[in-house]
Amino acid sequence: MDVILRSATTNDLEKILEIVNHSILHTTANYNYDIQTIDIQTKWFEDKTAKNLPIVVAELDGEVVGFGSYGQFREKIGYQYTVEHSVYVIDNIIGKGIGSQLLLELIRLAKEQGYHVMIGAIDADNSGSIAFHEKFGFVATGTIREVGYKFDHWLDLVFMQLILK
């Protein structure tokens, strides 16, 4: 399986939007309720680009099958060396190593940009994502109970962190 990782372009936004909206509608990986529009996704892309924050896509046989990005963890200046990341892969590709390649690339880029910590905020019921992050050295540092609500039940959020060396 020849996967190409590259920086996203505006031409990728429709596929990124499709992946995000699937996550919103069918999973608790994304706590949004309403699907995004191309205008919202375009603004997200422009904001990331303006702040020199990466959006990496994974391409398989000419089709975008996943993406990853990170952004500022919190707004206050004291958090300037910490980023929170997201990795999304289409359902039928999960478990084939593409998410791993995306996360490794985000870790590499975060180190290159001088960040000190990467944070993952993961739904506590998503044991697959928690185990996935542990493979890369992320450590669970806390759980916030019933902080989210989706699909008619309360959701706990696990924070995981990787201190970049």
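Here is a friendly walk through this structure, in questions and answers.

Trainee: How are the residues numbered, and what kind of model is this?

Mentor: Residues are numbered from 1 along each chain as its sequence is written. Side-chain values use heavy atoms, with hydrogens and water left out, and local features need pLDDT of at least 70, side-chain atom pairs count only at pLDDT 80 or more, while totals for chains, interfaces and linings use all residues, since this is a predicted model.

Trainee: In what order do the elements of the protein run from the N terminus on?

Mentor: The protein has 4 helices and 7 strands. Helices (H or I, at least four residues) and strands (E, at least two) are DSSP runs, numbered from the N terminus. Read that way, the order is β-α-α-β-β-β-α-β-α-β-β.

Trainee: Which residues is M118 in contact with, leaving aside its neighbours within four places in sequence?

Mentor: Contact means heavy atoms within 4.5 Å. M118 is one of the residues with the most contacts inside the core. With those neighbours left aside, its partners are Y70, V83, H85, L106, I107, A110, F138, M160, Q161, L162 and L164.

Trainee: Is S129 buried or exposed?

Mentor: S129 lies in helix 4. Its relative accessible area is 17%, so S129 is buried.

Trainee: What is phi of N52 near?

Mentor: Most residues other than glycine have a negative phi. N52 sits in the loop between helix 2 (38-50) and strand 2, and counts as exposed at 56% relative accessibility. Its phi is a positive value in a residue other than glycine, near 60 degrees.

Trainee: Where is E146 found?

Mentor: E146 also has a positive phi, near 50 degrees, in a residue other than glycine. E146 is partly exposed, with a relative accessible area of 48%. Its place is in strand 6 (residues 139-150).

Methods: Core = buried A, V, L, I, M, F, W, Y, C linked by side-chain atoms within 4.5 Å. Buried < 20%, exposed > 50% of the residue type's maximum accessible area, 1.4 Å probe, protein only.
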